[in-house]
Amino acid sequence: MSLANAIGLLCVLLGMPFFFLGTLGLLRFPDAYTRLHALAKTDNVGLGLVCLGLAILSGSLAIGLKLFLIWVLMLIASATGAGLIGRTALARGMKPWGL
Amino acid sequence: MLVFDALLAGALIWLAWQATHTPGLFRSVISFIVFGLLMALAWVRLEAPDIALAEAAIGAGATGALLLSALGRLAVTHEAGTPWQERPDLYFWIPAGAALLGLLTLAAWALPTPGLGDDVRRVLPDSGVANPVTAVLLNIRAFDTLLEIGVLLLATIAIWSLGRMPMPSAPAVRSPALTALGRVLFPMFVLVSAYLLWRGSHAPGGAFPAGAVVGAGGILSILAGAQPWLTGGVRGPWRILLSLGFATMLAVAWGVMALGQPFFAYPPGLAGLIVLVLELAAGLSIAMSLVALYLAGQPPDHWGPEAARR
C-alpha cells in the first residue's frame, strides 16, 4: 500500500466516528438546537474527511474536485437548513434546553 | 453487497408501509420522499442510472415538493385515521397485492431473453449517439417520446385551464440564507442540467433527467421566495418554452419528409445533430412543465406586487 493510499484510508476512517457521534447526538440530545449542533458536525467535518480521503484514494484531480464541490454544496445546504430549523424552532417559542 | 441489497429492499418495504399506514400525513409525506431516494439507489443497484436520475429528481424531488405544498394548504386536523388493525378491507388488499406481485413475477420470467438489446446495439452506430437509452428515446422510438412530451403538454394545459395559480405563500420564517441559497444554487442546477444533456449522447443522461434537474431548481427557487421573470401571458415566454419540445419534434418529424425520408426517419449524416436539438428542446419543455405542475395554475401575466394582491 502506498503512502497516499494509507493517508486516504486514514481520512475516511477518521470521518466515520463523526457520522456515528452525529447520529448518536440526533437520537440522544434533549432539544432541537443541540441536535442541530451534533448534525452540523457530521455534515461539515465527517463528510469533509470522507470526501478528502476518497479524493486522495481516487488519485484523479477531476474526481477530487467533484468531491470537493459535493462537500461545499453540502456545507451551504447544511448551514441553510440548520439556520431555518433553528429560526423556526425559536419562532415557535421552543426554549433552548437548560435556559 | 448482498447485505446492502437486502437492507435496501427491507427499508423500501418498511418505508412504503410507513408512507401508507402511518398516522399523520406529514410523516407519510416524509416517508414517501425518503422512499423515492432509496428507490433511486435501488435503480443504481439494478444498473439503470437513467431511471435512478429521473426517480431522484421527479419521484423524490418534484413530487415531494408537490405533496408538501398540498399538505400546507390542507386544513390542520388531528384525526389519527383508522389504525390498520381495524381495517377489514386489508384482508382483501394484501392477498390481492400478493397475487398481483406473483403475476408480475411470472410475466417478468416469461419475457423473451435477451430482449431487444442486441437489435438496439446493432443499429446503434447509425443512430447518431452512443448511448442506447438516448438512441431508443430520441431516434428509434422517437414517436413514443413525441407522445410523452405531448402528454406533459396536455397535463400543463389542463392545469392552466383550472385558473390562475394560487400565490406561493411567503415562508413563515424569513431567512436571508434561504433566499441566498436559491440564488446561489440555481446556476449550479443549470450547469448540472447542461452537463446531463451533453452526456446523454454517450452515457446515462439526456433530456428527461436534465429537464427534471432544472425543473427541481426552479421549484426550489420559488420555494426560497424568488419570482421567475418568465410570465404566463398570451405570447409570454412560458408558453413558447412549454410547447417548444412538442413543436420541434413535430417539425423534425415532418421536416425530414422534405428531405425524402419517411416520417421521423432521420437522414443518416444528420442524426447526431437532430438528436441534440431535440434533446435541448424537449429538456426545456420538461423543465417548464415540471415548474408549471408545481405552481398548480396559470402563472400571472406580470409577476410583482400586483400579482400577489390578486
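Let's start with who touches whom in chain B: among contacts between residues at least 6 apart in sequence, 73% join residues at least 24 apart. Here, two residues are in contact if their C-beta atoms, placed from the backbone, lie within 7 Å. In chain A, residues 24 or more positions apart account for 67% of the contacts with a separation of 6 or more.

Before going on, a word on what you're looking at: this is a predicted model, where local features need pLDDT of at least 70, side-chain atom pairs count only at pLDDT 80 or more, and totals for chains, interfaces and linings use all residues. Residues are numbered from 1 along each chain as its sequence is written, while chains are lettered from A and ligands numbered from 1 in the order in which they are written.

Now walk along chain B. You'll pass 12 helices and 0 strands; both kinds of element are DSSP runs numbered from the N terminus, with helices being H or I and at least four residues, and strands being E and at least two. The C-alpha trace of chain B spans about 65 × 60 × 35 Å along its principal axes. Of its 310 residues, 28% are buried. A residue counts as buried if 20 or more other C-beta atoms lie within 10 Å of its own, exposed if 12 or fewer, and partly exposed in between, again with C-beta atoms placed from the backbone.

What sits inside? The largest nonpolar core has 49 residues, and B:Ala57, B:Ala62, B:Ala212, B:Ile286 and B:Val291 touch the most other members. Such a core is a set of buried Ala, Val, Leu, Ile, Met, Phe, Trp, Tyr and Cys residues joined through C-beta atoms within 7 Å. Several helices of chain B give two or more residues to this core, including H2 (25–45), H3 (49–73) and H9 (207–223). The largest share, 13 residues, comes from H11(B). Take B:Val291 as an example: leaving aside neighbours within four places in sequence, B:Val291 is in contact with B:Gly215, B:Gly218 and B:Ile219. Apart from this core lies another, of 8 residues, among them A:Leu49, A:Leu52, A:Ala55 and A:Leu67. In soluble globular proteins, nonpolar side chains tend to be buried together.

Helix H4 of chain B tells another story. H4(B) runs over residues 90–109 and reaches 28 Å from its first C-alpha to its last, close to the 28 Å expected at 1.5 Å a residue; the expected span is 1.5 Å times one less than the number of residues.

Over to chain A, which has 3 helices and 0 strands. Its radius of gyration, taken over C-alpha atoms, is 16 Å, but a compact globule of 99 residues would have one near 13 Å. That globule rule is 2.2 Å times the number of residues to the power 0.38. Not counting residues up to four places away in sequence, A:Ile56 touches A:Ala4, A:Ile7, A:Gly8 and A:Cys11.

Finally, look where the chains meet: 6 residues of chain B are in contact with 8 residues of chain A.
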